[in-house]
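Here's a quick briefing to read with the model open beside you. Grab a viewer and follow along.

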Amino acid sequence: MAPGSALIPRLLDLSPGTEALRHCFALPAHPESVAGARRITRSRLAEWRLSGDAHDAAVLIVSELVTNAVVHTVSSRVVCELRCDEERLRISVQDQGHQPGGPRLSLTADGEHGRGLLLVDSMSTAWGSVDAGNSSGRIVWAELPYRTERSC
């Protein structure tokens with residue numbers, strides 16, 4: 001996706017001189033794609049030398065957000081973006097869902113479903129969702145601080 005696209009949240013500083021690493025990938029909205037999203041995320045974060053707790057949390061957050069997009073929306077694909085700037089890693093997942101309202105935290109995580117956003121909430125410093133615009137779905141994002149072997 002190009003700069004200024006719906007996937008790049010407006011909350012990020014895109015001013016000149018801002019250094020950031022960014023990787024975007026799309027996968028079919030199938031349950032098998034969750035493992036692919038984890039694999040791609042692990043690989044990219046290793047290239048960026050992001051390690052430790054932030055690495056593990058990011059992989060789990062990607063897994064949960066892609067799972068939610070696959071399970072809870074009628075989408076043919078999901079688009080995932082990883083963006084590492086000077087202070088944080090931001091994970092965004094865009095689906096093609098058109099249901100009103102966004103994802104909600106379920107404080108009664110009974111059974112098989114309902115725990116994903118609780119995990120995202122507990123591992124991230126912030127998360128939320130925005131309409132992607134043009135009725136093209138929703139973007140769910142999460143941010144977390146990180147440490148690298150070198151600066152991003």
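Which ring does the charged end of Arg90 sit over? It's the ring of Trp141, with the charged end 4.0 Å from the ring centre; a charge counts as sitting over a ring if NZ of Lys or CZ of Arg is within 6 Å of the ring centre and within 35 degrees of the ring normal.

Keep in mind that this is a predicted model, where local features need pLDDT of at least 70, side-chain atom pairs count only at pLDDT 80 or more, and totals for chains, interfaces and linings use all residues. Residues are numbered from 1 along each chain as its sequence is written, and side-chain values use heavy atoms, with hydrogens and water left out.

**The overall layout**

- The protein chain has three helices and five strands; helices (H or I, at least four residues) and strands (E, at least two) are DSSP runs, numbered from the N terminus.
- Reading from the N terminus, the order of elements in the protein chain is β-α-α-β-β-α-β-β.
- Of the 152 residues in the protein chain, 43% count as buried (buried is under 20% relative accessible area, exposed is over 50%, and partly exposed is in between, using a 1.4 Å probe and protein chains only).
- Take the contacts (heavy atoms within 4.5 Å) in the protein chain with a separation of 6 or more: 65% of them join residues 24 or more positions apart.

**Around Arg90**

- Arg90 belongs to strand β3, residues 88-94.
- With a relative accessible area of 2%, Arg90 is buried.
- Arg90 and Ala126 are 36 residues apart along the chain, and their C-alpha atoms are separated by 9.4 Å.

**α1 against α2**

- α1 passes α2 in a right-handed crossing, meaning the near helix is turned clockwise from the far one by less than a right angle, while anticlockwise makes a left-handed one.
- Among the residues making the contact are Val34, Ala37 and Thr41 of α1, along with Ala58, Val59 and Val62 of α2.
- Thr41, in helix α1, is buried at a relative accessible area of 0%.
- Beyond its neighbours within four places in sequence, Thr41 touches Phe25, Ala58, Val59, Val62 and Leu82.

- Arg49 has a phi near 60°, a positive value in a residue other than glycine.
- For background, most residues other than glycine have a negative phi.
- Arg49 counts as partly exposed because its relative accessibility is 39%.

**α2 against α3**

- The axes of α2 and helix α3 (residues 116-123) come within 9 Å and cross at roughly 145°.
- This crossing of α2 and α3 is left-handed.
- Residues that meet here include Leu60, Ile61 and Leu65 in α2, and Leu117, Val120 and Met123 in α3.
- Met123, in helix α3, is partly exposed, with a relative accessible area of 25%.
- Met123 and Ile61 are 62 residues apart along the chain, with their C-alpha atoms separated by 7.9 Å.
- Leaving out neighbours within four places in sequence, Met123 is in contact with Ala57, Leu60, Ile61 and Leu144.

Technical notes: Axes are lines fitted to C-alpha atoms, for helices over the stretch in contact, and angles run from 0 to 180 degrees between N-to-C directions.
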